[in-house]
Amino acid sequence: MNNAASRSTPQVTSLSILLINQRWFTQELRALGHTVVSATHEDRNGDVKFQHFESIQDILQRLPDNFYPDRIVYYDNSSVLTLYGFEELSIPSVFYSVDAHHHASWHSVFGSMFSKILVAQRDYLKRYQNHWQGPEGSEPEWMPLWANKDFEDSDDRPIDVCFRGTLDPDLHPRRSLFFSELQKLVDIDVAQGPYAEAYPRAKIVVNQCVDKDLNFRVFEAMSAGALLITPRIANGMGRLFKSGRDLVFYETEDPG
C-alpha cells in the first residue's frame with residue numbers, strides 16, 4: 001500500500017448541537033453530518049421556543065425525543081440575558097459575543113460560564129480575556145462576522161448607492177442624521193428591510209457604524225459584489241481588508 005493510500009481522510013465525529021437565540025450555521029453544520037436543534041425566543045423561527053429568562057435545564061427538558069446535546073452554542077442576540085444556569089452544565093459550550101461594543105460589561109462575565117468564548121469585536125477581546133477563568137489554552141478568541149449567501153447574484157445593478165439597516169432616530173440618532181444629510185448630496189436609496197434584495201443590485205453600499213463596530217453590513221455588501229464605503233474603524237478591520245482593494249474608507253461621519 002502506498003503512502004497516499006495509507007493516509008485515510010480524518011473522520012468528523014457527528015455531534016448533536018443545540019443552538020440558542022440564533023440559527024446561524026444550521027445548514028452548514030447539518031451538511032457536515034451533525035444533528036442541529038435550535039432554541040429561540042418565541043418571536044423567532046426555532047425548533048424549541050422559550051420566554052426570556054428561563055433556565056437552560058427547562059429547555060433541555062423540552063428538546064425533541066432522542067436528542068440530547070453534545071455541544072451548546074449560545075449566540076448573542078443583542079438583548080438582555082435570555083437563559084440562565086449554564087454554570088451548572090457539564091456539556092461543552094460556546095458563547096459568541098457579537099455586540100461587545102454594547103454589552104461587553106456583562107458579556108465578559110457571563111461568558112466565563114462557558115467552555116469557550118468567541119468575540120466578534122476584536123478591540124474588546126482583552127476585556128473578555130481578563131475575566132476568563134477557564135483552562136489555559138482555551139482563552140477567548142476573536143471570530144469576525146460573516147455574510148450568508150442568501151441572495152441571487154445579479155449582473156444588473158440599477159441602484160447606484162444604497163443603505164439597508166435600522167433607521168429609527170430614537171435608537172440610532174447619529175445614523176438618522178448622517179443619512180438625512182447624505183441624501184441632500186447624493187441620490188442614495190436609504191431604507192429598512194432585507195439587504196439581500198438590494199445589495200446584489202447596487203453599485204455602491206454606504207455603511208454606518210453604531211459605535212465603531214465591525215458589523216454584518218461590511219461582509220454583506222462585499223459578498224454581494226457592491227463597492228463598500230465604510231467608516232475606518234479598528235476591531236480587526238485592518239487585519240481583514242485593505243482600502244482601495246477590498247473597500248473604501250471614509251474618515252468621519254461628515255457626509256461632506
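Student: Is Phe 25 buried, exposed or partly exposed?
Tutor: This is a predicted model. In it, Phe 25 is partly exposed, with a relative accessible area of 26%.

Student: And what about Trp 146, buried or exposed?
Tutor: Trp 146 counts as buried, at 13% relative accessibility.

Student: How many aromatic pairs are there?
Tutor: The structure holds 25 aromatic pairs. Phe 25 and Trp 146 form one that is tilted, with 4.5 Å centre to centre and 35° between the planes.

Student: Where do Phe 25 and Trp 146 lie in the chain?
Tutor: Phe 25 is in the loop between β1 (16-20) and α2 (26-31), while Trp 146 is in the loop between β9 (141-142) and β10 (159-164). Those parts are 121 residues apart in sequence, so the pair ties them together.

Student: Which residues form a cluster with them?
Tutor: One aromatic cluster is made of Trp 24, Phe 25, Tyr 75, Tyr 96, Trp 146 and Phe 216.

Student: Next one. Why is the pair of Phe 95 and Phe 110 edge-to-face?
Tutor: Their planes stand at 80°, and over 60 counts as edge-to-face. The ring centres are 5.2 Å apart. Phe 95 belongs to strand β7 (residues 93-97) and Phe 110 to helix α4 (residues 100-110), 15 residues apart.

Student: Are those two buried or exposed?
Tutor: Phe 95 counts as buried at 0% relative accessibility, and Phe 110 counts as buried at 6%.

Student: Which other residues of α4 are buried?
Tutor: Besides Phe 110, the buried residues of α4 are Ala 100, His 101, His 103, Ala 104, His 107 and Ser 108. Seen down the axis of α4, the buried residues fall within an arc of 155°, so they line one face of the helix.

Student: What does that face pack against?
Tutor: The buried residues of α4 pack against β5 (71-75), β6 (83-84), β7, β8 (116-119) and α5 (125-131).

Student: Switching to strands. What is the order in the open sheet?
Tutor: The order is β11-β10-β12-β13-β14, 5 strands with parallel pairing. β11 (189-191) and β14 (248-250) stand at the edges with a single partner strand each, so one side of each has no neighbour in the sheet.

Student: Which helices pack on that sheet?
Tutor: Helix α6 (residues 173-182) packs on the sheet and touches β10, β11, β12 and β14. Helix α7 (residues 216-223) also packs on the sheet, touching β10, β12 and β13. The direction of α7 makes about 160° with that of β13.

Conventions: Residues numbered from 1 in each chain as written. Predicted model: local features only at pLDDT ≥ 70, side-chain atom pairs only at ≥ 80, totals over all residues. Heavy atoms only, no water. Phe/Tyr/Trp six-rings, centres within 6.5 Å; stacked < 30°, edge-to-face > 60°. Helix = DSSP H or I, 4+ residues; strand = E, 2+ residues; numbered from the N terminus. Buried < 20%, exposed > 50% of the residue type's maximum accessible area, 1.4 Å probe, protein only. Arc of directions from axis to C-beta. Contact = heavy atoms within 4.5 Å. Pairing = 2+ DSSP bridges. Axes fitted to C-alpha atoms, helices over the stretch in contact; angles between N-to-C directions.
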